[in-house]
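Trainee: I would like a close look at a single part of this model. Please keep the answer connected.

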Amino acid sequence: MITIRYFASLRETLGRSTEQLEIFEPHTVLSVWRLANPDLALPENTLTAVNMDYVPLSNNVKDGDEVAFFPPVTGG
Amino acid sequence: MTIKICDVAFEPFTEIQNFQNPLTLEGKFGATSIFIGTMRDFNDGDDVQAMTLEHYDGMTQKQLAQIIVAAKAKWQILECLIVHRVGDILPNEPIVLVAVWSAHRGEAFEACRYLMEELKTNAPFWKLEKLATNETRWVAKNTAKVKGI
């Protein structure tokens, strides 16, 4: 089981903030997006994290990971 | 080194005083550099009446801790304090405080600037503005350098 998190405008667009998926084969961050959102291309400039560290879309995802997708950050 | 995420308004100078008082730095620090970011009542040519700051709880603290580790590797920092607001914010309320204590001013200035720029680039916060017209909009750009990963 993996946990997927969405934040800010992306959370609003998708209408959900978190979900859990069973994965049965090797996945990357990008393939997790496609699995969870088959009808929506990943928006340009989306930032991605696994277990709260920034990673590229090609990063591997394993069972138990928390994968996050969010727009550019605007704190400070 | 302390990171605080506040969901209510904070008073930055009280935070600094309360943080500094119990430190055992007497005679050790010659410089304290402070940055305070405060909410404006305008942005991108529009009047803004309020703002909501969302964050990724856990990743925020993890990223800020990594930024502090990186700063300590670059400069001789004795202490630092980062406070950031989340939740509903009104104009004139502080959003962020970065304070750095060091022996000399150069390190304090540079480390404080670095921490603030890295916070804007890496810390997962997002601003939702409520305009004077009652419309809401997500702030889509920040003024930090573009994140390269």
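In which strand of chain A does Thr48(A) lie?

Mentor: This is a predicted model, in which local features need pLDDT of at least 70 and side-chain atom pairs count only at pLDDT 80 or more, while totals for chains, interfaces and linings use all residues. Residues are numbered from 1 along each chain as its sequence is written, and chains are lettered from A and ligands numbered from 1 in the order in which they are written.

Thr48(A) lies in strand β4, residues 47-50 of chain A. Helices (H or I, at least four residues) and strands (E, at least two) are DSSP runs, numbered from the N terminus. Chain A has two helices and seven strands, in the order β-α-β-β-α-β-β-β-β along the sequence.

Thr48(A) counts as buried because it has 21 C-beta neighbours inside 10 Å. The cut-offs are 20 or more other C-beta atoms within 10 Å for buried, 12 or fewer for exposed, and partly exposed in between, with C-beta atoms placed from the backbone. Of the 76 residues of chain A, 32% are buried by this count.

Leaving aside residues up to four places away in sequence, Thr48(A) touches Val29(A), Val55(A), Leu57(A), Ala68(A) and Phe69(A). A contact here means that the C-beta atoms of two residues, placed from the backbone, lie within 7 Å. Between the C-alpha atoms of Thr48(A) and Ile4(A), 44 residues apart along the chain, the separation is 11 Å.

For chain A as a whole, 55% of the contacts with a separation of 6 or more are between residues 24 or more positions apart. The C-alpha atoms of chain A fill a box of roughly 35 × 25 × 20 Å along the principal axes.
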